[in-house]
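Here is a short report on selected local geometry.

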Amino acid sequence: MAKDLSFLCTSCNAAFSKWSGRCEGCGAWNTIEEVKPLSTGPGAKTLGKKRGSAIELTDLATRAEAPPRTLSGVEELDRVLGGGLTAASALLVGGDPGIGKSTLLLQAAARFARQGLKVLYISGEEATAQVQMRAERLGLTESPVHLAAETNLRDILTTLEAERPDLAVIDSIQTMWLDTVEAAPGSVSQVRAAAHELTTFAKTRGISVIMVGHVTKDGQIAGPRVVEHMVDTVLYFEGDRGHQFRLLRSVKNRFGPAGEIGVFEMTGRGLTEVKNPSALFLSERGGPSPGSAVFAGIEGTRPVLCEFQALVAPSPHANPRRTVVGWDGSRLAMILAVLEARAGTPFTGLDVYLNVAGGMRVTEPAADLAVAAALISAREDAALPATHVIWGEISLSGALRPAPQTENRLKEAQKLGFSTAIAPEMKKPATTSLELRQMADVRAFVEGTFGTRDPARG
């Protein structure tokens, strides 16, 4: 075997000196492939005098100006990008098949083209006629976007060098291939090399590149995770096919806050932005019902209210079911254990189902108290008042921890007509007129909200 060859796991990107059937890092079978390094680079021992040259950190005379940004005109998209598209940046957009990634990027390309940017949309999965059909359906035929269908990265880079666009969209990175890499398109080595070449081209030529990435069954972008480290921004396009709502979430952004979300609605004319996502997620909420609790959360820099729905029923099985949609299943197990150990509310022998309404995915720890409220409400068959909003993190000791940005949560709840907020003990902001009911621990919350219960009830 040549010395310049190595072996990488396609699942966890672990490196090995020889091939084996099972990865020692993640335990997956038949995921180790032989790859070549991207490049050994020049033999010089010092950094170049142009890009990558060493300068003093405190030398203000050599400080470069901030790269310019271009607004698309779509507030939800510009918010997730951190204030617009940054020049000479590399972005990676991932999402489930059929969720609307190509629709989103074609609409974004058209928007940026209308703002004066020269945009080139390159599809490796569809012919140009198919892209034109989608553009016609979306009403984008008047947008000055250049289209191309190609998978050979050498031809793509040659075209980009000749055209010099301001923005290039690559749909998708898994279909690109280099003739210098001896592997099939979509393999670890091809994806890694293609992303490296495109990112380097974006930085050296001053253009912006948006790459589409497919996701695996567990929701991660397919291919080596090193691709996410190469690019400047990683966005995930999320949503439930049973709902028309779509979320564009920033999980990494070197030019803005990570964790920011943009909310869109899928219609027959494409994606339309949602100005008030809280009202959207609560629009289908009816009157008070057992198992329902409204959570005041923070996504990035904006407050978002959503509804947790819980169902608790006697289990006919020896091992009761714990089913979660839109939240962390392991965190649900922790909340159930704390409720039983610290609040005397057992869930033994009961099936527990938890759902976040509207296809929303919640990762904030401050949702613990809203989840606990929904679970106890379902177990006791006692509905919470429709005017109550809840948040707070639950520790293993049963104590409630305050969450940041309390004032923003209260303002959003007040704007949507809520009158009472249940939260951990904290200093009440002077700018809100909502009734703030503060709880010290989970036992005080259960007794103060649902009263005295029969612990033996199952």
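The sections below take these topics in turn.

## Basis

This is a predicted model: local features need pLDDT of at least 70, side-chain atom pairs count only at pLDDT 80 or more, and totals for chains, interfaces and linings use all residues. Residues are numbered from 1 along each chain as its sequence is written, and side-chain values use heavy atoms, with hydrogens and water left out.

Helices (H or I, at least four residues) and strands (E, at least two) are DSSP runs, numbered from the N terminus.

## Helix pair α8 and α9

Two packed helices are described by the angle between their axes and the distance between the axes. Helix α8 spans residues 329–343, and helix α9 spans residues 368–380. They pack at an angle of about 65°, with axes 10 Å apart. α8 is therefore roughly perpendicular to α9 (65 to 115 degrees; under 35 is roughly parallel, over 145 roughly antiparallel, the rest oblique). Axes are lines fitted to C-alpha atoms, for helices over the stretch in contact, and angles run from 0 to 180 degrees between N-to-C directions.

The crossing of α8 and α9 is right-handed (the near helix is turned clockwise from the far one by less than a right angle). From α8, Arg-331, Leu-332, Met-334, Ile-335, Leu-336 and Leu-339 take part. They meet Asp-368, Val-371, Ala-372, Leu-375 and Ile-376 of α9. Contact means heavy atoms within 4.5 Å. By class, the α8 contact with α9 has nine nonpolar, no polar and two charged residues.

His-243 sits in the loop between β11 (233–239) and β12 (245–253). Its relative accessibility is 25%, so His-243 counts as partly exposed (buried is under 20%, exposed over 50%, partly exposed in between; 1.4 Å probe, protein chains only).

Which residues does His-243 contact, leaving aside neighbours within four places in sequence? They are Gly-358 and Gly-359. His-243 and Gly-359 are 116 residues apart in sequence, yet 6.6 Å apart in space, C-alpha to C-alpha.

Most residues other than glycine have a negative phi, and most peptide bonds are trans. The peptide bond from Asp-171 to Ser-172 is cis, with omega near 10°. Ser-172 lies in the loop between β9 (167–171) and α5 (188–205).

Arg-164 has a positive phi, near 50°. Arg-164 is in the loop between α4 (153–163) and β9. Its relative accessible area is 42%, so Arg-164 is partly exposed. Asp-381 also has a positive phi, near 55°. Asp-381 is placed in the loop between α9 and β19 (388–390). At 54% relative accessibility, Asp-381 is exposed.

Definitions and conventions
Nonpolar A, V, L, I, M, F, W, Y, C, P; charged D, E, K, R; others polar.
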